[in-house]
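Please read these points alongside the model before using the coordinates. They cover one position, its surroundings, the overall fold and the confidence.

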Amino acid sequence: MVTWLAENIGTIVVLIVLIAIVTGIVLAMRKDKKSGKLSCGGNCGSCGGCAHAASCSVSQKKGN
């Protein structure tokens, strides 16, 4: 077991770093969603044709 760990330590470290980065991104996205931030920048008047246009609230579409 120790030999296997020693042979694969680089792969293990990279995996741990990637998991930490992805976890941080997911947590930041959840925090932004809870605070009402939109991924398109919140200017729904200019993104009527974008894929997220349907997710904009009515008050944001009116520019309020």
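1. Start with isoleucine 9, which lies in helix H2, the helix of residues 9-34. The model is predicted, and H2 is where its confidence is highest, at a mean pLDDT of 96.

2. On the whole protein, the secondary structure consists of three helices and zero strands, giving the pattern α-α-α along the sequence.

3. How much of the protein is buried? Of its 64 residues, 6% fall in that class. The accessible surface is about 5400 Å², and carbon and sulfur atoms account for 66% of that area.

4. The average pLDDT for the protein is 79, with 58% of the residues scoring at least 70. Helix H3, residues 58-61, has the lowest confidence, at a mean of 48.

5. Over residues 59-64 the pLDDT stays under 50. For this stretch the model has seven contacts beyond four places in sequence.

Conventions: Residues numbered from 1 in each chain as written. Predicted model: local features only at pLDDT ≥ 70, side-chain atom pairs only at ≥ 80, totals over all residues. Heavy atoms only, no water. Helix = DSSP H or I, 4+ residues; strand = E, 2+ residues; numbered from the N terminus. Buried < 20%, exposed > 50% of the residue type's maximum accessible area, 1.4 Å probe, protein only. Areas by Shrake-Rupley, 256 points an atom, 1.4 Å probe, with all protein chains shown as cover. pLDDT = per-residue confidence, 0-100. Contact = heavy atoms within 4.5 Å.
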